[in-house]
Amino acid sequence: MLFGWSTHGKLACPYCMENNKAFTLTNGGKASFFYCHRRFLPLNHRYRKNKKNFFVGRVEKDAASPCFSGEELHDVVSEYGDIVFGLQSGKQKFPGFSLTHNWVKRSIFWELPYWKTNLLRHNLDVMHIEKNMFENIFNTVMDVKGKTKDNIKARLDIALYCNRKNMELVYDESRVAKPRASFVLDKNAQLLVYKWLKSQRFLDGHASNI
Amino acid sequence: MKDSDEPLWDGCTNHSKLSAVAQVFTIKSDHGLSEVGFDKIIQWTRSILPEGNRLKENFYAAKSMMKPLGLGYQKIDMCPNFCMLYYLENAEMTKCMTCGHSRYKPITGRGKTLVAYKKLRYFPITPRLQRLFMSPRSAEHMTWHQTHDVVDGVMVHPSDNKVWKLFNSVHPHFSAELRNVHLGLCTDGFNPFGSFAAPYSCWPVILTVYNLPPGMCMRPEFMFLSTVIPGPSSSGWNIDVCLRPLIDELAQLWSSRALTYDISRKQNFLMRAALM
């Protein structure tokens with residue numbers, strides 16, 4: 001928020017900016033960076049040519065996305081005019097917002113004379129990212145109803161983008177079945193995890209909401 | 001300062017007028033005592049002290065006595081829709097220039113004081129940083145970020161990382177003076193009335209002094225509250241409006257330095273500060 005680059009949608013990454021390959025999932029309806037990270041591998045890496053196990057039928061030929069320096073970004077940002085702050089500020093958008101860029105404002109921090117030479121101009125909230133990542137993985141592995149990311153829409157998308165026959169939905173006359181995923185723990189293993197968790201003792205203030 | 005020499009009552013050796021009040025204040029803040037509770041304790045203490053004691057009679061008098069010792073803060077009126085601050089060249093305006101919202105609440109009753117809809121509290125950072133150098137306990141640690149032993153490949157402090165080193169190499173005139181201050185900024189919404197009360201989100205902006213060793217820089221006494229952005233709704237993208245006084249002061253600290261006395265070296269120097 002302080003940086004002025006919105007971290008929503010397909011242009012969420014404040015480093016790649018508009019040079020990423022995110023796309024919208026056909027069934028899930030969300031922006032996805034699925035297999036967009038092969039471009040950071042060395043050019044001759046064998047994963048880049050692998051058509052079978054990653055995005056079906058796609059070979060990654062692009063090099064890593066460019067990383068802009070503070071001066072370059074300063075030039076880009078200063079081309080945008082002033083936005084008027086207040087109730088209306090959410091409604092005014094720079095032309096091309098969320099299509100070619102995700103700038104919402106020219107942040108006040110650019111006024112500091114040394115800001116453009118700083119290597120880090122934003123600060124991601126690591127604590128919340130960690131927490132959300134953990135919750136998503138945990139709920140998926142424990143197969144929590146309504147919270148798992150391995151839902152019907154995800155299975156439909158897998159059929160579209162991946163070559164994983166064992167994960168696809170099985171249509172059986174009048175019924176549709178979701179085959180059990182290999183990463184989901186069975187009942188006994190789940191019980192063990194819960195038992196282990198119950199036996200844990202943390203320092204005061206170090207764990208909450210478990 | 002005269003109060004610190006005056007004994008609490010004639011013949012008292014271990015307490016001055018000032019130290020007695022300071023200790024009651026500590027008890028008040030440590031245990032969240034109310035103002036009425038504070039007054040009651042003072043009343044009772046006065047009754048058991050000998051005749052002619054100089055303990056302040058109530059909270060108001062005690063606070064007035066302590067006020068010159070604090071560093072103070074500014075109250076800046078602002079538009080309730082986060083459009084603008086009534087600050088510097090706009091200080092005299094009575095209506096918001098963007099949304100036209102009135103600055104003051106309508107006057108009701110006999111009182112003629114103007115009350116603003118929303119007030120931003122700004123705590124100037126320069127005197128607080130200067131105070132760090134004035135105290136012998138913290139002044140010697142203010143160069144720790146450069147003088148500590150660095151083990152290759154181990155990061156014990158932000159000063160060991162790439163961002164910090166690049167900053168120092170780009171600005172050699174800044175890094176040459178080890179006492180120049182590196183600041184970190186963080187802010188988050190928080191509800192002062194308990195999480196289940198009416199939704200209210202006030203955003204304290206906190207500055208951290210990264211010159212200090214890791215054990216010190218994250219201690220509450222070395223984290224400086226610089227701005228309190230009032231609620232009830234969060235400012236969202238308009239946070240830039242509320243940071244204006246802070247950015248102005250930081251820009252000033254970078255370009256025109258602040259004369260500071262360093263007690264550990266017993267000399268004056270020109271202090272600069274940078275936000276990392």
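The model is predicted: local features need pLDDT of at least 70 and side-chain atom pairs count only at pLDDT 80 or more, while totals for chains, interfaces and linings use all residues. Residues are numbered from 1 along each chain as its sequence is written, and chains are lettered from A and ligands numbered from 1 in the order in which they are written.

**Chain A**

- Chain A has five helices and four strands, where helices (H or I, at least four residues) and strands (E, at least two) are DSSP runs numbered from the N terminus.
- Along the sequence of chain A the order is β-β-α-α-α-α-β-β-α.
- Chain A has a radius of gyration of 22 Å, well over the 17 Å from the globule rule for 210 residues, so it is more spread out than a compact globule; the radius is taken over C-alpha atoms, and the rule is 2.2 Å times the number of residues to the power 0.38.
- Along the principal axes, the C-alpha atoms of chain A fill a box of roughly 60 × 50 × 40 Å.
- Of the 210 residues in chain A, 10% are buried, meaning that 20 or more other C-beta atoms, placed from the backbone, lie within 10 Å of the residue's own.

**Contact between the chains**

- Chain A contributes 19 residues to the contact and chain B 28 residues, with contact defined as C-beta atoms, placed from the backbone, within 7 Å.
- On the chain A side there are 11 nonpolar, six polar and two charged residues; Ala, Val, Leu, Ile, Met, Phe, Trp, Tyr, Cys and Pro count as nonpolar, Asp, Glu, Lys and Arg as charged, and the others, Gly among them, as polar.

- Chain B is assigned domain 1 (2-69) and domain 2 (120-275), with bounds from an automatic or database domain assignment.
- The centres of these two domains, taken over C-alpha atoms, are 33 Å apart.
- The largest nonpolar core has 37 residues, and B:Cys83, B:Leu85, B:Leu120, B:Val241 and B:Ala273 touch the most other members; such a core is a set of buried Ala, Val, Leu, Ile, Met, Phe, Trp, Tyr and Cys residues joined through C-beta atoms within 7 Å.
- α11(B) gives the most to this core, with seven residues.

**Strand pairing in chain B**

- β5(B) (residues 223-229) runs antiparallel to β2(B), joined by two bridges; pairing requires at least two bridges found by DSSP.
- In this pair, B:Tyr122 stands opposite B:Thr227.
- β4(B) and β5(B) are antiparallel and joined by six bridges, and B:Thr208 has B:Met223 as its bridge partner.

Terms used: A residue is buried if 20 or more other C-beta atoms lie within 10 Å of its own, exposed if 12 or fewer, and partly exposed in between; C-beta atoms are placed from the backbone. Two residues are in contact if their C-beta atoms, placed from the backbone, lie within 7 Å.
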